[in-house]
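The entries below are in the order in which I looked things up.

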Amino acid sequence: MPIQLPQDLVNHVRHALKEDVGSGDLTATLVPVDATCKANLLVREPAVLCGVAWFDETFRQLDKRINVSWQAADGDEVNIDQVLCTVDGPSRGILTGERTALNFLQTLSGTATVTRQYAKAIQNTDCRVLDTRKTLPGLRTAQKYATACGGADNHRMGLYDAVLIKENHIRAAGSIAAAIKQVQRDLPANIRIEIEVESIVELKQALAAGAEFLLLDNFSLEELSQAATLAGTTAKLEASGNIELDRLRDVAETGVHFISIGALTKHVRAIDLSLLFQ
C-alpha cells in the first residue's frame with residue numbers, strides 16, 4: 001500500500017517560505033527577471049531519498065513555470081554523485097527556493113536513511129521498528145512520513161489518536177488497574193490503549209487488568225524475554241528506552257513485537273545534497 005503524503009504538506013512549505021523569503025528575496029533582484037537556468041541535484045553520500053513532494057511544492061509555490069524532473073523516488077536508496085533530479089525554469093525562483101527545498105529534502109532524507117538502518121537490523125524477525133512523538137516541532141507528519149519511507153511503522157500521531165498510560169498517569173489514577181479501567185470506561189472501543197510498565201511486577205499487574213498493549217521501559221534482555229513468555233498471545237509488547245542500533249537485533253529476538261526509537265526523528269543529521277547550476 002502506498003505511503004500517504006501528509007495533508008499539511010502545503011502548509012509546511014508555505015510557512016517555511018514565509019520564514020525564509022519574508023517580504024522578498026533581495027539578492028535575487030541581481031538576476032535579470034527574464035533569466036532562466038537549469039540545475040542538477042546531486043547526492044554526496046549514500047542515503048534513502050525522502051521529501052520529493054516538499055521539494056516540488058517549494059518551487060510550485062514560488063513559480064509554476066519551474067519544472068522538476070526526478071530520476072529517483074521517495075524510499076529509493078541513492079549513491080554518491082547520483083543525479084536525483086533536474087530543475088529548470090526562471091532563475092530567480094530557483095535561487096529563491098533552493099535553500100527551503102533542500103532543507104526539507106535533506107532533513108527528511110536524513111530521517112529516512114537512519115530509519116532504514118534500524119529496519120534492516122531486524123529483518124527476518126517478527127519485530128517492527130516504531131517511531132515516536134519526539135519529532136521536530138511543526139514537522140511531525142513529515143518526519144513520520146519519512147520513517148515510513150525508511151521502513152518503520154508509525155506509532156500514534158499525537159495525544160489525540162491513541163492512549164499511552166505512563167507513570168504519572170498511573171499515580172494520578174491510583175493504580176495500573178484503575179487507570180486501565182477508567183480509560184476503558186471513558187473512551188470508544190476503537191481507541192488503542194497502551195500502558196507503560198517498568199518492571200515484571202507491573203507487567204503482571206497490567207496483564208491481570210486486561211492490558212492488550214504494553215510498553216516495556218528500559219527492560220533488560222532477560223526481562224524482555226520473560227515478559228514475552230508471560231504475555232504469550234494475549235498482549236502486544238513494545239520495547240523502549242535508549243535502545244542503540246548495535247543491540248537492536250538482540251532486543252527483537254526476545255519476542256517483543258515492536259521497538260520504539262526516538263532517535264529516528266530526534267537526532268536528525270541532514271543528508272549532504274548539492275544543487276549545481278549548469
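Entry 1. In this predicted model, I began with a side-chain pair and found that Ser-274 makes a polar contact through its side chain with the side chain of Arg-44, at 3.4 Å. I then listed what else Ser-274 touches, leaving aside neighbours within four places in sequence, and noted Asn-40, Leu-41 and Leu-42 along with Arg-44.

Entry 2. Is Ser-274 buried or exposed? I looked up its relative accessibility, which is 18%, and because buried means under 20%, Ser-274 counts as buried.

Entry 3. I placed Ser-274 in strand E12, which covers residues 273–277, and went on to the sheet that holds this strand. Four strands form an open, antiparallel sheet in the order E3-E5-E1-E12. Strands E12 and E3 (67–70) stand at the edges with a single partner strand each, so one side of each has no neighbour in the sheet. From one strand to the next, I noted an average twist of 20 degrees.

Entry 4. I next checked the pairing of strand E1 (residues 36–43) with strand E5 (residues 83–90), which is antiparallel and runs over seven bridges. Asn-40, which I had already listed as a contact of Ser-274, stands opposite Thr-86 in E5.

Entry 5. Last, I looked up the helices on the sheet. Helix H2 (residues 52–62) packs on the sheet and touches E1, E3 and E5, with its direction at about 160 degrees to that of E3. Helix H3 (residues 91–121) lies across E1, E3, E5 and E12, and I recorded about 165 degrees between H3 and E12.

How values were computed. Residues numbered from 1 in each chain as written. Predicted model: local features only at pLDDT ≥ 70, side-chain atom pairs only at ≥ 80, totals over all residues. Heavy atoms only, no water. Helix = DSSP H or I, 4+ residues; strand = E, 2+ residues; numbered from the N terminus. Buried < 20%, exposed > 50% of the residue type's maximum accessible area, 1.4 Å probe, protein only. Polar contact = N/O pair within 3.5 Å; in protein donor to acceptor, adjacent residues only side chain to side chain. Contact = heavy atoms within 4.5 Å. Pairing = 2+ DSSP bridges. Axes fitted to C-alpha atoms, helices over the stretch in contact; angles between N-to-C directions.
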